[in-house]
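Subject: Structure handover and what was found in it

Dear colleague,

Please find below the structure that I am handing over to you, shown with its sequence. After it I have set out, step by step, what was found, and I hope you will read the text with the model open beside you.

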Amino acid sequence: MASELRANVEKGGRGGPYGWLGMTPDQRIAELLYHVAKLTYAQRQFLQGDGDASAVLEFAADCGNCALMVVDGLGVLGVRG
């Protein structure tokens, strides 16, 4: 997952022109939901025998990274309740 997050930073940086800090909170949630839908589809394909584990792992990592982007955008990354 850390490598996926680094790849996203390299694509535009967290605060760059295409970074997640430039997105609204709703846009970050929409991005997370988009990746959850991709994971859901990959899981369904895998369970039916038509998909492979690598797609499930990739989309699960994407979901985790998007969740981190949500909390980072809110400024609560690393904050303990």
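Helix α3 has 21 residues, and the distance from its first C-alpha to its last is 30 Å, which is close to the 30 Å expected at 1.5 Å a residue. Please keep in mind, here and throughout, that this is a predicted model. The buried residues of α3 are F59, A61, D62, C63, G64, N65, C66, M69, V70 and D72, and several of these names will come back below. After α3 comes G75, whose phi is positive, near 80°.

Helix α2 can be checked in the same manner. Its 23 residues should span 33 Å at 1.5 Å a residue, and because the end C-alpha atoms of α2 are 33 Å apart, the two values agree. Within α2, the buried residues are R28, L32, H35, A42 and Q45, and what covers the buried residues of this helix includes α3. Just after α2, G49 takes a positive phi of about 85°.

The protein chain holds 3 helices and 0 strands, and when it is read along the sequence the pattern is α-α-α. Of its 81 residues, 23% are buried, while the accessible surface of the chain comes to about 5,500 Å², with 59% of that belonging to carbon and sulfur atoms.

The C-alpha atoms of L32 and V70 are separated by 8.1 Å, although the two residues are 38 residues apart along the chain. L32 has a relative accessible area of 18%, and because buried means under 20%, L32 counts as buried.

The next residue to look at is L33, also found in helix α2. Is L33 buried or exposed? With a relative accessibility of 53%, L33 counts as exposed, whereas L32 is buried. The C-alpha atoms of L33 and C63, which are 30 residues apart along the chain, are separated by 8.2 Å.

C63 leads on to the cysteines. How many disulfides does the structure hold? The structure holds 0 disulfides. The cysteine sulfur closest to that of C63 is in C66, and because it is 6.7 Å away, it is too far for a bond. C66, likewise, is in no disulfide, since the nearest cysteine sulfur, that of C63, is 6.7 Å away. Both cysteines count as buried, C63 at 11% relative accessibility and C66 at 5%.

Charged side chains come next. Side chains of opposite charge can pair when their charged atoms come close. The count here comes to 1 salt bridge, and D72 forms it with R14, the closest N and O atoms being 2.8 Å apart. This pair links distant parts of the chain, for D72 is in helix α3 and R14 is in the loop between α1 (2-12) and α2, 58 residues apart. The two partners can also be described by their accessibility: D72 is buried, with a relative accessible area of 12%, while R14, at 39%, counts as partly exposed.

L74, V76 and V79 make a nonpolar surface patch of about 270 Å². L74 has its place in the segment after α3 (53-73), and with a relative accessible area of 52% it is exposed.

Definitions and conventions:
Residues are numbered from 1 along each chain as its sequence is written. This is a predicted model: local features need pLDDT of at least 70, side-chain atom pairs count only at pLDDT 80 or more; totals for chains, interfaces and linings use all residues. Side-chain values use heavy atoms; hydrogens and water are left out. Patches are made of residues with over 30% relative accessible area and no salt bridge: like charges are joined within 9 Å, nonpolar side chains (Val, Leu, Ile, Met, Phe, Trp, Tyr) within 5 Å. Accessible areas come from the Shrake-Rupley method with a 1.4 Å probe; for residues, only the protein chains shown count as cover. A salt bridge is a side-chain nitrogen of Lys or Arg within 4 Å of a carboxyl oxygen of Asp or Glu. Helices (H or I, at least four residues) and strands (E, at least two) are DSSP runs, numbered from the N terminus. Buried means under 20% relative accessible area, exposed over 50%, partly exposed in between (1.4 Å probe, protein chains only). The expected span of a helix is 1.5 Å times one less than its number of residues. A disulfide is a pair of cysteine sulfur atoms within 2.5 Å. Contact means heavy atoms within 4.5 Å.
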